[in-house]
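Subject: Handover of a structure and the findings from it

Dear colleague,

Please find below the structure that I am handing over to you.

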Amino acid sequence: MIATLGRLRLTIGFLVVMVAANIFTGSLFGNLPTAHLQSWGISLATLLNGDISRLVTATFLSHDSDMFVTQFLFAAAIIGTHEWRRGTWSTLTLFCVTDIAGSLVIFFLIIAPLSGMDLHAADSIALKHDVGMSGGGFGLLGGIVAGMRQRWLIAPAVLVAIIVKFRLFPDLIADSLHIVTFILGFAIYQTILYRKTGKGDHAA
């Protein structure tokens, strides 16, 4: 039992911090207050102001209780699977690299041009704050899929699913982030870890 918990220490610690953060901000049982969203969430404006701590604080929060449940289960499944198969440090590294790199790509290469760098208009997308761990989560998912035998069939299917979701329930920041981080996680494992070991996980 102790050995099992030790293999999942990152997953367990991440989930504990998620619960604590959402209790503290009030989003565990309701909506995340606007004041907390603006204080802890991430946006193009906060990054341009040099507040890079938002890359961390936004990760553990949810917009509301429904999102918390979804994010909690997603984190438990994806972080747990990756950590069990590839270890704590590999999981932490891939999560951080894909989440941070993906966020910077989205905000500076997509949101910035779309907003015209307008940091004053109240409805500017540059001022829209977001929260959640799904960026790094999809990065880990990309890494997991890259180790599967049927990765070249599963990976396109995942991307198509994200695009379909965007067409039905569009969320520009989240959906574009999921695409970027999934591809990034897949590419990192495929080009570095996969080539180094010479084999994947051989998962179905």
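Two residues are said to be in contact when heavy atoms of theirs lie within 4.5 Å. With that in mind, consider Asp171, which sits in the loop between α9 and α10. Apart from its neighbours within four places in sequence, Asp171 is in contact with Lys128, Lys165, Phe166 and Ser176. Its relative accessibility is 25%, so Asp171 counts as partly exposed. Please bear in mind throughout that the model is a predicted one.

The chain as a whole

The chain has 204 residues, and 46% of them count as buried. Its secondary structure consists of ten helices and zero strands. Read from the N terminus, the order of elements is therefore α-α-α-α-α-α-α-α-α-α. Of the contacts between residues at least 6 apart in sequence, 79% join residues that are at least 24 apart. The accessible surface amounts to about 10,500 Å², and carbon and sulfur atoms account for 70% of that surface.

Helices α8 and α9

Helix α8 covers residues 134-146 and helix α9 covers residues 151-168. The two pack at an angle of about 155°, and their axes are 9 Å apart. Angles over 145 degrees count as roughly antiparallel, which is why α8 is described as roughly antiparallel to α9. On the α8 side, the residues that meet α9 are Phe138, Leu141, Val145 and Ala146. Their partners in α9 are Arg151, Ile154, Ala155, Val158 and Ile162.

With a relative accessible area of 6%, Ile162 is buried, because buried means under 20%. If residues up to four places away in sequence are not counted, Ile162 touches Phe138, Asp175, His178 and Ile179. Between Ile162 and Ile179 there are 7.1 Å in space, C-alpha to C-alpha, although they are 17 residues apart in sequence.

The salt bridges

How many salt bridges does the structure hold? There are two. As background, side chains of opposite charge can pair when their charged atoms come close.

One of the salt bridges joins the side chains of Lys165 and Asp175, at 3.0 Å from N to O. Lys165 belongs to helix α9 and Asp175 to helix α10 (residues 172-197), so this pair ties together parts that are ten residues apart in sequence. Are these two residues buried or exposed, or partly exposed? Lys165 counts as partly exposed, at 33% relative accessibility, whereas Asp175 counts as buried, at 3%.

Asp51 is partly exposed, with a relative accessible area of 25%. Arg54, in turn, counts as buried, at 10% relative accessibility.

Finally, I draw your attention to a nonpolar surface patch of about 510 Å². Leu48, Ile100, Leu104, Phe108, Leu109 and Met117 make up this patch. Which helix provides the largest share of the patch? The answer is helix α7 (residues 88-115), with four residues. Leu109 lies in that helix, α7. The relative accessible area of Leu109 is 61%, so Leu109 is exposed, as the term applies to values over 50%.

Yours sincerely,

A colleague

Key
Residues numbered from 1 in each chain as written. Predicted model: local features only at pLDDT ≥ 70, side-chain atom pairs only at ≥ 80, totals over all residues. Heavy atoms only, no water. Patch = residues over 30% accessible without salt bridge, like charges linked within 9 Å, V, L, I, M, F, W, Y side chains within 5 Å. Areas by Shrake-Rupley, 256 points an atom, 1.4 Å probe, with all protein chains shown as cover. Salt bridge = Lys/Arg side-chain N within 4 Å of Asp/Glu carboxyl O. Buried < 20%, exposed > 50% of the residue type's maximum accessible area, 1.4 Å probe, protein only. Axes fitted to C-alpha atoms, helices over the stretch in contact; angles between N-to-C directions. Parallel < 35°, antiparallel > 145°, perpendicular 65-115°, else oblique.
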